[in-house]
Amino acid sequence: MVPETWYLALSVALFCIGVVGVIIRRNPLVIFMSIELMLNAANLAFVAFGHRQGSNDGQAVVFFVMAVAAAEVAVGLAIIVAIFRVRRRLSVDDLSLMRW
Amino acid sequence: MPHVAFVLIALVALGSALGLVLKRNPIHGALFLVVNLGCIAALYLTLGAEFLAAAQVIVYAGAIMVLFVFAIMVLIPGKEETGPDPRRPWRVLALPAGLILCMLLAAYVVTVPPSPSSGVPAGGVEAIGRLLFTDYLFPFELTSVLLLAAMVGVLLLARRRPS
């Protein structure tokens, strides 16, 4: 049996790759996909912990995370398309209107 | 044998995640992300979560990634990231920041004491269904409201403003 710590280590690595992707990329779509990567890393940790506890609660939480991620992607992509319609460019560096 | 399978799947998952982050073309990134989601579905299978593996393939690799590819095709991006990066000095800091975060999280994962396993193997699809419709019934119903709200919101956002 593969120890759960291995799954957690993989989850940590995927999450950090997602964080780096969010920071270094300029395309909002790729940033969005990196966020999906981070969500999946967290889901993997949930399932691994649930497996270690012998309970199904972790899997139930992952189910809800998937539902929220689906809603989030739909709304986020609609916002990106709406921004593209107004500005005709697609770079997060341009979107500094609300910056402090 | 399970160890070999885990290492292989994990290597493919890490490689595809790096491909998503490092490839310039967003379409390549989307395809790498599909590979990554498939690897995670396989890992769910090795953890005994058959329902989540199926849901992962249907919801993520199916629905969400199709939506992404659709958006990429509509927006035709990719030209923004070919020029010189005006904020390069800050962006190179992402690598040490990611490494520090990785080390902190890894330190936590290594030091957290393994909780005593109850020994009861997690159930399959039937157990999940029971759990969702008993203990998690209220959040489950809230999910339907959330999806409806997201649908209405997307329709509102995507509507063409009368000019």
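Mentor: Let's begin with chain A: of its contacts with a separation of 6 or more, 47% join residues 24 or more positions apart. Keep in mind that this is a predicted model.
Trainee: And what's that figure for chain B?
Mentor: In chain B, residues 24 or more positions apart make up 51% of the contacts with a separation of 6 or more.
Trainee: What about chain B?
Mentor: Chain B has zero strands too, with seven helices. Reading from the N terminus, you get α-α-α-α-α-α-α.
Trainee: How far does chain A span along its principal axes?
Mentor: The C-alpha trace of chain A spans about 50 × 25 × 25 Å. Its radius of gyration is 17 Å, while a compact globule of 100 residues would come out near 13 Å.
Trainee: How much of each chain is buried?
Mentor: In chain A, 54% of the 100 residues count as buried. For chain B, the figure is 21% of 163 residues.
Trainee: Switching topic: how many residues does each chain put into the contact between them?
Mentor: Chain A puts in 63 residues and chain B 72. On the chain A side, α1, α2 and α3 each supply at least two residues, and α3(A) gives the most, with 21.
Trainee: How do the residues on that side of chain A divide up?
Mentor: There are 45 nonpolar, 13 polar and five charged residues on the side of chain A that touches chain B.
Trainee: Now the nonpolar core. Which residues touch the most other members?
Mentor: The largest nonpolar core has 61 residues, and the ones touching the most other members are A:Leu14, A:Met33, A:Leu44, A:Val47 and B:Tyr44. The elements giving two or more residues to this core are α1 (4–24), α2 (28–53) and α3 (57–87) of chain A, along with α1 (2–22), α2 (26–46) and α3 (50–75) of chain B. The most comes from α1(A), with 13 residues.
Trainee: Which residues does A:Val47 touch?
Mentor: Leaving out residues up to four places away in sequence, A:Val47 touches A:Gly58, A:Gln59 and A:Val62, plus B:Tyr44, B:Leu47, B:Ala49 and B:Leu52 from chain B.
Trainee: Let's move to B:Cys39. Where does it lie?
Mentor: B:Cys39 lies in helix α2 of chain B.
Trainee: And why does B:Cys39 count as buried?
Mentor: Because B:Cys39 has 24 C-beta neighbours inside 10 Å, and 20 or more is enough to count as buried.
Trainee: Which residues is B:Cys39 in contact with?
Mentor: Setting aside neighbours within four places in sequence, B:Cys39 is in contact with B:Ile9, B:Val12, B:Ala13 and B:Ser16.
Trainee: How far does α2(B) reach, and what follows it?
Mentor: The 21 residues of α2(B) reach 30 Å from first C-alpha to last, close to the expected 30 Å. After α2(B) comes B:Gly48, with a positive phi near 80°.
Trainee: Last thing: what are the confidence scores?
Mentor: The model scores ipTM 0.90 and pTM 0.89. Chain B averages a pLDDT of 85, and 87% of its residues score at least 70.

Notes. Residues numbered from 1 in each chain as written. Chains lettered and ligands numbered in written order. Predicted model: local features only at pLDDT ≥ 70, side-chain atom pairs only at ≥ 80, totals over all residues. Core = buried A, V, L, I, M, F, W, Y, C linked by C-beta atoms within 7 Å. Buried ≥ 20, exposed ≤ 12 C-beta atoms within 10 Å, placed from the backbone. Helix = DSSP H or I, 4+ residues; strand = E, 2+ residues; numbered from the N terminus. Contact = placed C-beta atoms within 7 Å. Nonpolar A, V, L, I, M, F, W, Y, C, P; charged D, E, K, R; others polar. Expected span 1.5 Å × (residues − 1). Rg over C-alpha atoms; globule rule 2.2 N^0.38 Å. pLDDT = per-residue confidence, 0-100.
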